[in-house]
Protein chains: 2
Amino acid sequence: MEKNLLVAQSGGPTAVINASLLGVIQEAWKQKTVHQIYGSMHGIDGLFNDQIINLKKINPSDLEKLYYTPSAALGSVRRCLPQDLSHPLYHQLLQQFQKYQIHYFLYIGGNDSMDTVLKLNQFFKKVNYPCLVLGIPKTIDNDLVITDHAPGYGSAIKYIANTIQEIHFDISCYQRGRVNIVEIMGRDSGWLTAGSKLACLNQAGPDLIYLPEVAFDEKSFLKKVQQLYQKQQQVLICVSEGIKDKTGKYVMEQSAYFEDNDVFGHLQLGGVAKVLSHLVKKELNLPVRAIELNLCQRCASHFLSKTDVTEAYQAGVQAVQLILNGHTGEMIAFKRVNQQPYQITYACIPIEQIANQVSYIPSSWIQDDCDLNEKFIHYALPLIQGEITLPYHNGLIDFYSIKK
Amino acid sequence: MEKNLLVAQSGGPTAVINASLLGVIQEAWKQKTVHQIYGSMHGIDGLFNDQIINLKKINPSDLEKLYYTPSAALGSVRRCLPQDLSHPLYHQLLQQFQKYQIHYFLYIGGNDSMDTVLKLNQFFKKVNYPCLVLGIPKTIDNDLVITDHAPGYGSAIKYIANTIQEIHFDISCYQRGRVNIVEIMGRDSGWLTAGSKLACLNQAGPDLIYLPEVAFDEKSFLKKVQQLYQKQQQVLICVSEGIKDKTGKYVMEQSAYFEDNDVFGHLQLGGVAKVLSHLVKKELNLPVRAIELNLCQRCASHFLSKTDVTEAYQAGVQAVQLILNGHTGEMIAFKRVNQQPYQITYACIPIEQIANQVSYIPSSWIQDDCDLNEKFIHYALPLIQGEITLPYHNGLIDFYSIKK
């Protein structure tokens, strides 16, 4: 019987999710026990829609460009499988796994995607279908538990730290500047926003860093902004989109500065940097600017960390080797075994311990409620090391897009 | 008598304004007729505040980092000199020029700064003070007339085209996506926004491009967005911050979607992408996202165009040579003398022909009111060619900051 491998991608894109995909394909190609290597388009939706492509048919030199191409080359999806394993959807999935003779399924994704790995693995065991299921981590948010960090995070904070440095240079050129509030992704945890701290190593970091891990206090914020502006005539603030007040309410949901927010849809479209800008303008009457880093955080291949992309690729390679060795219902995790020189090993963690959990920045790494200390730098700095030289053609980076 | 040279920077920062500064310093250093090389901090404000530094005292290896360091290393300013040349401010300036024995003054800046060059030159002639004054162009906006283009523009559109390409990859990964509206700088002319067109060379460009040169029609916009979304399930739109309706009113000033805009300060803080997002949401009820590229457009050294930075440096070199040859009241301009291979020469243009003018995209380069044609690509593509390998330390670009 032919044993085929299926790989798919899920959740928000990153700059290195395709490096993991490439690792899977190139390693699976070497393995004689794997007959065909299929890709499911748009995560498990490709199974429902029968959008399954044969990855062995792609020109190898095109394929190699996946190493540095951002976003999910197979397409992505946000779908949550039903809790009830007897739901008809599982039967549909089973038919597709049988049709394509899939015995190995690798799912590259974040927290929600690991929930899919968990449920599929439980289902296959329940119906006694011989398909192994393994998760490959992917998230710029770095909010997966147990693993030291997740692929995608290093490149995202390399983008953030370097961009903050460039913004710092830009705003420093006027004698009388503004309060600049930079909004960074992160609903529940502040890992990405914390990355801005690394720019401080070049004296070009933010003055204040606000994380979801610390309850946001408006009065203290305004006092600090005013004092800093008086002293420096400019302030640089980095803030997680998900900061909350002490009642647990998102600051971006605050309506004090947005009457009629339902009518005008501010909540959906505006962000926390805008809310804080209004606050600074109204309460302190200082010149202020809101900057939202937005999508660039998760697709900025031009700031790839070599460490990150190498680990993402290796996570794909390791996943193939481990699934062929019988591992199932687990996720590939990184364990930091040495700090100097930085070194990690790859481990398999039962998916029950990972799915639907959130990792937060330890409180001992946060100081003065709006800053990170040496412990964070010690943790994060190795993750942004090393650069990748990208091939340009005509001044544009030469990315690769899988024909669908 | 000692003859000293003074250089200063003015207006909004760019990624290559410091390359021009380096060109000035390194060329002036070679010239025996130049005794000291001074820098005025924050443009001509440094003269009023006596913040004049001796640039020969900077370590040459530190100085070389200016080649790729963004923002204005000497600091910048936005100041308009009085129309009346008998205003006491001119007398103050004269005293400072005399104090430091300045006989050559080079001002690196954009449109407004060329107005300063014009007035100072007129003033020195009027009072018969032997100081020559020359302008070195600098603007990401590319809105200086006569010169083929301005230093800073090439790197800015290289950032824009590559970032649009990355965003295109990011948003393409979902089967059902959003309407994405990217706001790009440019109040009067659409040169920067037009740069997004270059991403189309990799089939990763915007679907629609809206420029200030074309009156914005709301109905036509909504119809196009709806049709594109129905067909593609996602739309990528690039829009200049300065688009206006047919009455000449800025779209970002439209209050139809922002009642109480004065109270909540939307005009100052919000942008046109937000206004159009509200419009799409309200009229078409489609999922929509506003992205503002913001400051990164003018400080993204990581997307330096080698062509641009080389020309910016050369503009500084040429300016020194020309001012020593007696040129005054002029600006260095680029003349494109060959297209393939692309080649420019440097010329001197009387400042009266340049100051306070605005260059627009020719209407023959615009098609269908929301797209650019081959003529623009032909013009812009040479300007983004070539890459600069930046030195990284610890994962961060190693920039240089002049101690003030």
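Me: Why does Cys296(A) count as buried?

Reply: This is a predicted model, and every value below is computed from it. The relative accessibility of Cys296(A) is 6%. Buried means under 20%, so Cys296(A) counts as buried.

Me: How do you know that Cys296(A) is in no disulfide?

Reply: The nearest cysteine sulfur, that of Cys299(A), is 5.4 Å away.

Me: What rules out a bond for Cys238(A)?

Reply: The closest cysteine sulfur to that of Cys238(A) belongs to Cys200(A), at 8.7 Å, which is too far for a bond. Cys238(A) is also buried, with a relative accessibility of 0%.

Me: What makes the pair Asp115(A) and Lys119(A) a salt bridge?

Reply: The side chains of Asp115(A) and Lys119(A) meet at 2.8 Å, N to O. The cut-off is 4 Å, so the pair is called a salt bridge. In general, side chains of opposite charge can pair when their charged atoms come close. Both partners are buried: Asp115(A) has a relative accessible area of 7%, and Lys119(A) has 3%.

Me: Why are Asp115(A) and Lys119(A) separated by about one helical turn?

Reply: They are four residues apart in helix 5 (residues 111-127) of chain A, and therefore about one helical turn separates them. An α-helix has 3.6 residues a turn, so residues three or four places apart point the same way.

Me: What surrounds Lys119(B) in chain B?

Reply: Lys119(B) lies in helix 5 (residues 111-126) of chain B and is buried, at 3% relative accessibility. Its side chain makes a polar contact with the side chain of Asp115(B) at 2.8 Å. Leaving aside residues up to four places away in sequence, Lys119(B) touches residues including Cys80(B), Pro82(B) and Tyr90(B).

Me: Why is it said that Arg187(A) and Glu241(A) tie together parts of the chain?

Reply: Their side chains meet in a salt bridge at 4.0 Å, N to O. Arg187(A) lies in the loop between strand 6 (179-184) and helix 7 (191-194) of chain A, while Glu241(A) lies in the loop between strand 8 (235-240) and helix 9 (261-264) of chain A, so the pair joins parts 54 residues apart in sequence. Arg187(A) is partly exposed at 43%, whereas Glu241(A) is buried at 16%.

Me: Which parts of chain B does the pair Lys158(B) and Glu387(B) link?

Reply: The salt bridge between these side chains has an N to O distance of 2.6 Å. Lys158(B) is in helix 6 (residues 153-171) of chain B, and Glu387(B) is in the loop between helix 14 (374-380) and strand 14 (392-393) of chain B, 229 residues apart.

Me: How do you know that the span of helix 8 of chain B agrees with expectation?

Reply: At 1.5 Å a residue, the 15 residues of helix 8 (residues 218-232) of chain B should span 21 Å, and the end C-alpha atoms are 21 Å apart, so the values agree.

Me: What puts the buried residues on the same side of helix 8 of chain B?

Reply: The buried residues are Phe221(B), Leu222(B), Val225(B), Leu228(B) and Tyr229(B). They cover an arc of only 135° around the axis, and therefore lie on the same side of helix 8 of chain B. The face turned away from that buried side carries the exposed residues Lys219(B), Lys223(B), Gln230(B) and Lys231(B).

Technical notes
Residues numbered from 1 in each chain as written. Chains lettered and ligands numbered in written order. Predicted model: local features only at pLDDT ≥ 70, side-chain atom pairs only at ≥ 80, totals over all residues. Heavy atoms only, no water. Helix = DSSP H or I, 4+ residues; strand = E, 2+ residues; numbered from the N terminus. Buried < 20%, exposed > 50% of the residue type's maximum accessible area, 1.4 Å probe, protein only. Polar contact = N/O pair within 3.5 Å; in protein donor to acceptor, adjacent residues only side chain to side chain. Contact = heavy atoms within 4.5 Å. Disulfide = S-S within 2.5 Å. Expected span 1.5 Å × (residues − 1). Arc of directions from axis to C-beta.
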